[in-house]
Amino acid sequence: MTIDAKGVYYRELNQEVRAAIAAGETDIVLDNVNGQRYIADGVRAKVNITVNGVPGNDLAAFMDGPTLTVNGNVQDGVANTMNDGKVVINGNAGDVLGYGMRGGKLYIKGDVGYRVGIHMKGYKQNIPVVIAGGTAGDFFGEYMAGGILMLLGLGREEGAPIAGDYIGTGMHGGVMYIRGEVDLSRCGAEVGTMEMTDEDDKVLDTYLGEFCSDTGCDMDEIMKVKFTKLYPKSSRPYGRLYAY
Amino acid sequence: MDHWWQKDMSGCGLSGLINTDGARVSGAVIRKSIALMHDRGNGQGGGLAAYGIYPDHKDYYAFHIMYTEEPGKPARDLELAQKETEAYLDKNLAVKLGEDIPVKITDKVRSHPILRRYFVKVRPDKLAAQGFGMSEDDFIVSTVMHINDKIDGAFVFSSGKNMGAFKGVGFPEDIADFYMLENYQGYIWTAHNRFPTNTQGWWGGAHPFTLLDWSIVHNGEISSYGINRRYLEMFGYKMALHTDTEVVTYIFDLLVRRHGLPVQAALQVAAAPFWKDVDRMPPEEKEACEALRMVYGSALLNGPFAILFGHTHGLIGINDRIKLRPFVAATKGKTVYMASEESAIREIEPDLEKVWAPRAGHPVMVELDKGVA
Amino acid sequence: MNIVNPPEFRVKVDQEKCRKCKRCLQSCSFGVYEFHDRVIPDNNKCVACNRCVQTCPEDAITINESPNVYKDHPNWNLQLRKNVWKQAETGGVLLTGMGNNLPYPIVFDGLVVDACQVTNPSIDPLREPMELRTFLGRKPDKVSVEYVNGKLRLKEKLPPQIRLETPIIFAPMSFGALSLNAHKALAMAAKDSGTVYGTGEGGLHADLLEYGPWTIVQCASGRFGVHSEYLNSGVAVEIKIGQGAKPGIGGHLPGEKIGQEISKTRMIPIGTDALSPAPHHDIYSIEDLRQLIYAIKEATNYKPVSVKIACVHNVAAIASGIVRAGADIVYLDGFKGGTGAAPTMIRDHVGIPIELALAAVDDQLRKEGIRNQASIVAAGGIRSSADVVKAIALGADACAIGTAALLALGCSLCQKCYTGNCAWGICTQKPELTRRLDPEWGAMRLKNLLRGWSHEIKEFLGALGVNSVESLRGSRERLRGVGLDAQTLEILGVKPAGR
């Protein structure tokens, strides 16, 4: 079913969405979305939601199951503490994406902003995955505790850096795959780099394959460049800091 | 030395547009944009600034003055304040016109301070009497500081030429309706939605904060306020409006107008590059950046911020160095938009050419085409 | 009859544990121990420096306060009575070392620091940039810049500045008061930590010339070791007018301590007394100070000149005068500052606290619009990173640590520096004692101290939601007073907690 969101306040809109899900709808399209916040927050039902337009902040926060596709840019706070499900953004995204994400997938076709993937965590079989097709700002993967973070740098200007500074600062779990070379001086002190292994290649294959099919990016183009793997040098990076 | 003030912090949503070709649009446009971000504020403060709105008086400084109670101070006779202020203006300036600012009471904004505007010029005899090479702008600044500091209950909230600030207690869209901004035409508009926690009900605390033709709307909190304020007091600025954003306006007046720094350098003082980046610069640039920081360290703005500066010749937007507040810019034709949220821009222009998130600490500076102002 | 001044401490040797290795005899530099088939301590000599306790391999030594009691008297504590007995015996001036010993209220302990919550985020210092870099020196009122080919260029150079990577410097303590090894440790640590140390008034030993870029050379009233090469060897020159421990009076290093190295460094004959007069005899009025400042500037091609003063009643006016006389740095030494030797009465009763002096000076300079013309260094009882943060919030550009630095080198604050018997080799010239202080080890300890304090300062800044120390400097708003009276709060410019 389709809901016209034009001029609808977020509270009404989200109520309509929840009512539709409760009534058994499995495929919901929201048209003319502009700035409505909290869409799909806390939703657990395994439904498909399509958003046409630019949704407001905290999209898919605490989401736990649905597949959400956005045709347009998104703002800040997407997939905040998301537990399960998939979010596909066919556009650019703002800051603080996937904060505290514990599971599920967040695929962004374009560029992402600052503080993406902060404190992503893994728990037992829950592994959150965030893939950004373009560039990122400072603090990419800050405080990472688990999960998989990928940055592809597609479509950027010649010579433009793929990410900002303080990459992985405070990293103590999880793994990052960055397409191309990574300047270690832009990474936190806790980060180490490694060559990709066969295991890593399999991981890339699995998730990038899905990413490309969801966003229309070109897998061959992506795989022409070697990836760098970033990992945390310690799970206790601040052991020597304190005087006991 | 007064250490006993209280200050409030500034939330929470802002939007701005500039038509570089000088095409004037009504306040209804920016109203629509800021209204979309209704939830960023709490209804306790809203305001807008506009440039190009007084073409008939464009060589006159347009003083917008509110006569109102001040938080934490005893009640005063506001008509007396008005009388005293007008006498002061008549004595020291050439007043072409003094009138009430037209307003419309609505169920959203039911009561308001006395709101007046005056179109004034500096009198050559009064300026000469100051002796030592004071400029007209200096004279106006000193007049504004005097009224704000010394006349109880009177607050100048706008003092530039061919521009004005309109602000009060209420959501910005309601404030825009209250001042009937749909009837004004301007080529630069900024708007702000506030979420104050300390000083509810204080009309003077809403944004924008202005001095001469600088107007500032700000999202964030200035954690360096304590020292920014004391630094500015050394140069005669009075923080009369109980809100941290006030210092931003005066820092720019000091650095750009009085010290002659290029605007871009002044922006670099406010959002200074980190030492780790300065250390990597080529020696001449490094020396200059170090010097700016050494001399103007007390003017560094710390804390999260996104700020829009309007001035006679353009609009500037800037973020703090680690991008702790949202900030989006966009273009369509001759218009440049800047706002806290992309959707606020799309609400008034769905079909944008370019949309981007400016880099932390790197300003977006847009100038009006030559000859516009 | 001779009245013996009662011993302060009682040394107890557990003879069962003692294995008669006689290490305590070697360690003690105050002559406490003798050995006659067992270790026998002389309580009268013990100063509780604890060197023997630390070196005893069997942990067999305990130092207690003397259990002998005298009848209690609220007006005449035992120390006061001992002072009278001593003076009745010797007819002399009571002498002591280190800083003020009396229980004056500690203003720092009545100040608490803000933290950000909700309306402003705190910042995470371990993962995000946190800047402590500080420049000491005269700053102009404004900067003249231009853009050349889109790049920022300085049009007018700034006067020379001292660059510190952390807002803490080592206080000047003379070679004479300190051993050469202590000086070496300070110099090495200053270099490695990106800060500076002061030579004090004893001149600069030739071995330390290589540390010039991290040295502030001092020109004091005795002019010891002051010559053109010396003045030019450091990064700045400090004119010492006074120090917090003994405002208004001079100093005296007795001839017995003037051995070969000190004689060479201070450029005075071996065995003569080194007398530092109370005033500089060429500074009897403020314009004389200006004259000396510029003489030094001319002689050094305009290096920064610092003027160190003790905090006294009209410190604000004095500081203003000093700034207008051309000083680039004003070093304020509060009344709790330490010393190698000072008359006890002066040390304990003259001068004012650094917290109040600092607030008053910072206010005064701002009121006069000249705060940028000189940096302020605060000293005199800076005991922790918390004190540094509070001092900066009150207005200091940096803090200087003297006592804390010596503690890092092993000092236990026995306050007997003036005897020249320092068991740790810090403030003595006796070669058998100075060799106990390894400069490399000492430098490491000092570096550790600075590192620990700097991290803590970053934690404070992070909690304050500020990522550059410039945004805390002078921001009284980030402090509140607890248990301080209204008058003190007024002077500090700090609100009471709750407001």
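Reader: Into which domains is chain A divided?
Author: Keep in mind that this is a predicted model. Chain A splits into domain 1, residues 1-69, and domain 2, residues 73-237. Their centres, taken over C-alpha atoms, are 25 Å apart. Domain 1 of chain A gives 16 residues to the contact, and domain 2 of chain A gives 16 residues.

Reader: Which element supplies the largest share of the side of domain 1 of chain A that touches domain 2 of chain A?
Author: Strand 4 of chain A, residues 64-71, with 6 residues. By class, that side of domain 1 has 9 nonpolar, 5 polar and 2 charged residues.

Reader: Now between chains. How many residues of chain C are in contact with chain B?
Author: 42 residues of chain C, against 38 residues of chain B. On the chain C side, strand 8 (145-148), strand 9 (151-154) and helix 10 (354-367) each supply at least two residues. Strand 9 of chain C has the largest share, 4 residues. The classes on the chain C side are 13 nonpolar, 12 polar and 17 charged.

Reader: Down to one residue. Is G462(C) buried or exposed?
Author: Count the neighbours. A residue is buried if 20 or more other C-beta atoms lie within 10 Å of its own. G462(C) has 21, so G462(C) is buried. G462(C) sits in helix 14 of chain C, residues 439-463.

Reader: Which residues does G462(C) touch, leaving out those up to four places away in sequence?
Author: S122(C), I123(C), D124(C), P125(C) and M130(C). Take D124(C): 338 residues separate D124(C) from G462(C) along the chain, yet their C-alpha atoms are 5.6 Å apart.

Note on methods:
Residues numbered from 1 in each chain as written. Chains lettered and ligands numbered in written order. Predicted model: local features only at pLDDT ≥ 70, side-chain atom pairs only at ≥ 80, totals over all residues. Domains from an automatic or database assignment. Contact = placed C-beta atoms within 7 Å. Nonpolar A, V, L, I, M, F, W, Y, C, P; charged D, E, K, R; others polar. Buried ≥ 20, exposed ≤ 12 C-beta atoms within 10 Å, placed from the backbone.
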